[in-house]
Amino acid sequence: MKKFICGAAALLIAFCLFADVFAVETVSVSAKAAVIIDAQTGAVIFAKNENTKLPMASTTKIMTTLLLLESGDLDSEFVIDDAALLTEGSSMNLLQGDTVTKRELCYGMMLPSGNDAANASALKLAGDYGSFAEMMNKRAYSIGIKNTNFVTPSGLHDKDHYSTAYDMALLTREALKNDLFREICSTKSIKLSLESRESDKYLTNTNKLLTKYKYCIGVKTGFTDEAGRCLVSAAEKDGITLIAVTLNAPDDWNDHIKMYDYAFGVTKKCPVDGYTDFFEADVAGGVQSKIKCKPAEIPMCTSVNGSMPEITERIHIKRFIYAPVKSGDKVGYAEYLCGDDVIAEIDIVAEQDCGYAASEVKTSLYDRLINRLKELFKN
C-alpha cells in the first residue's frame with residue numbers, strides 16, 4: 001500500500017511539473033520579444049522577454065498617428081514642409097509643394113508606412129523633430145509607458161530610439177480607444193484625392209494579417225535592418241479584443257496567429273463579479289418619491305484561464321429626478337474599474353414609469369425645483 005501511495009505521489013509530482021512546463025511553452029514564437037494582452041483589462045496572457053528594450057521600427061508611427069489625431073482640425077489643408085521629404089525608406093510618395101490634411105497623413109503613415117508622412121506630421125505639430133520627440137515621450141509617460149524612448153517620428157533607426165513589446169501593447173491599447181485610429185489601422189486600401197495632384201493616390205496597407213487572419217482589425221508593421229521584422233496587431237472575437245506585439249520576429253505573421261489561437265482559447269467574456277443590479281432614485285414632483293432602476297445591460301469583463309481581475313464599481317445617479325419618468329429613461333451610469341482604468345461604462349435606467357403628482361401638474365418646473373429644495377433642506 002505504501003508503495004502504491006508513493007508511486008501515485010511521484011506520478012502526481014511528475015504531472016504537475018509537466019503541466020508547468022506545458023503552461024510556459026504553450027506558444028512557441030520566432031520573436032525575440034513578444035506579448036499578447038487583453039485590450040479591456042490590460043491583462044497579460046502570454047509573454048516572452050516582454051520588457052526587453054529593442055528597436056521597434058515603424059510601429060513607432062502608432063504614437064505619431066495618435067498625436068496627430070488628438071491634435072484636431074484633421075481636414076484643413078496645408079502645404080507640407082519640404083524638409084519632411086529628406087528621408088529614406090518607405091513612403092507615401094509626397095512631393096514638394098503637396099497640399100495635404102492631417103487625416104491624409106494618418107492614412108499615409110498607417111497604410112504604406114510613409115516616413116515622409118511621419119516627418120510631415122512631426123513638423124506640422126512641433127516645428128522640429130526634437131520638440132516632437134518630447135511630445136511623444138510626454139504622451140507615453142501619461143499612458144504609463146516606462147521603458148520606451150522616442151527619438152524619431154518614423155521609427156528609422158537611432159541607438160536611443162527603443163521600446164518593449166509590453167510598452168507597445170500599452171500604447172496600442174490607448175490608441176484603440178480612438179475610434180478614428182481604429183478605422184484607419186483596419187483599412188486595407190484607400191484612394192486619396194490630394195488637392196495638389198491631378199490624379200488620385202492609392203494607398204495599400206502593409207499589414208497582411210488583415211487578410212491572413214479573419215479576426216484581425218489592425219494595427220502596424222515595421223522593419224529596419226537593426227530592428228528586424230516588427231508587428232503590432234489587434235484582433236476581435238466573441239466580444240474580446242486582444243493586442244499582440246512581436247519585435248525582431250522572422251515569422252511574425254504566424255507568431256501572431258499562434259498567439260491569438262492560444263489567447264482566444266483561454267479568454268472569455270463574463271459578468272462582472274458582484275455588480276449591483278438594483279438601484280433606487282429619488283423623484284421630484286412624482287406620484288411616488290422613489291423609483292426602481294437597473295443597469296441597461298450586464299457589465300462584462302474578460303476572464304483569463306477562468307480568473308477574473310478585481311473590479312471596482314462606481315455609481316453615478318442624479319440626486320433627484322424630475323417627473324415624469326418613463327421606463328428606460330437614463331437616470332445615471334455605472335463605471336467599472338480595473339485598477340485606475342475604466343473598463344466598462346453602463347447606463348442606469350428607470351425600471352418603471354412615474355407620472356406627475358396631482359398637485360404638481362400645473363406647477364412650473366422652476367416651482368417644482370424650489371419646492372423640492374425646500375423639502376431637502378427641511379429634512
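Visitor: What is the volume of the second largest pocket, and what makes such a space a pocket?
Guide: The second largest pocket has a volume of about 240 Å³, a volume being the space filled by probe spheres set on grid points joined across faces, edges and corners. On a 1 Å grid over the protein atoms alone, a pocket is an open set of points with protein on both sides within 12 Å along at least five of seven lines, whereas a cavity is a set where a 1.4 Å probe fits but cannot get out. This is a predicted model, in which local features need pLDDT of at least 70 and side-chain atom pairs count only at pLDDT 80 or more, while totals for chains, interfaces and linings use all residues. Residues are numbered from 1 along each chain as its sequence is written, and side-chain values use heavy atoms, with hydrogens and water left out.

Visitor: Which residues are closest to the centre of the second largest pocket, and which element gives the largest share of its lining?
Guide: Lining residues have an atom within 4 Å of a point; of the 17 here, Ser113, Thr206, Thr221, Gly222 and Phe223 are the closest to the centre. The largest share, five residues, comes from strand E7, which spans 216-224.

Visitor: How much space lies in the largest pocket, and which residues are closest to its centre?
Guide: The largest pocket holds about 330 Å³, and of its 15 lining residues Ala39, Gln40, Lys177, Arg182 and Thr241 are the closest to its centre. Strand E17 gives the most to this lining, with three residues.

Visitor: Why are H2 and H3 called roughly antiparallel?
Guide: Their axes, lines fitted to C-alpha atoms over the stretch in contact, come within 10 Å and cross at roughly 170°. Angles over 145 degrees count as roughly antiparallel, and H2 and H3 are therefore described in that way. Their contact, meaning heavy atoms within 4.5 Å, includes Leu68 and Leu69 of H2 and Met109 and Met110 of H3.

Visitor: What makes E14 and E15 edge strands?
Guide: The open sheet of six strands has the order E14-E16-E17-E12-E11-E15, with mixed pairing. Two strands pair if DSSP finds at least two bridges between them; E14 and E15 each have a single partner strand, so one side of each is left without a neighbour in the sheet.

Visitor: How do you know that E11 and E12 pair?
Guide: Four bridges join E11 (residues 279-284) to E12 (residues 290-295), and the two run antiparallel. Among the bridge partners are Glu280 and, in E12, Lys292.

Definitions and conventions. Axes are lines fitted to C-alpha atoms, for helices over the stretch in contact, and angles run from 0 to 180 degrees between N-to-C directions. Angles under 35 degrees count as roughly parallel, over 145 as roughly antiparallel, 65 to 115 as roughly perpendicular and the rest as oblique.
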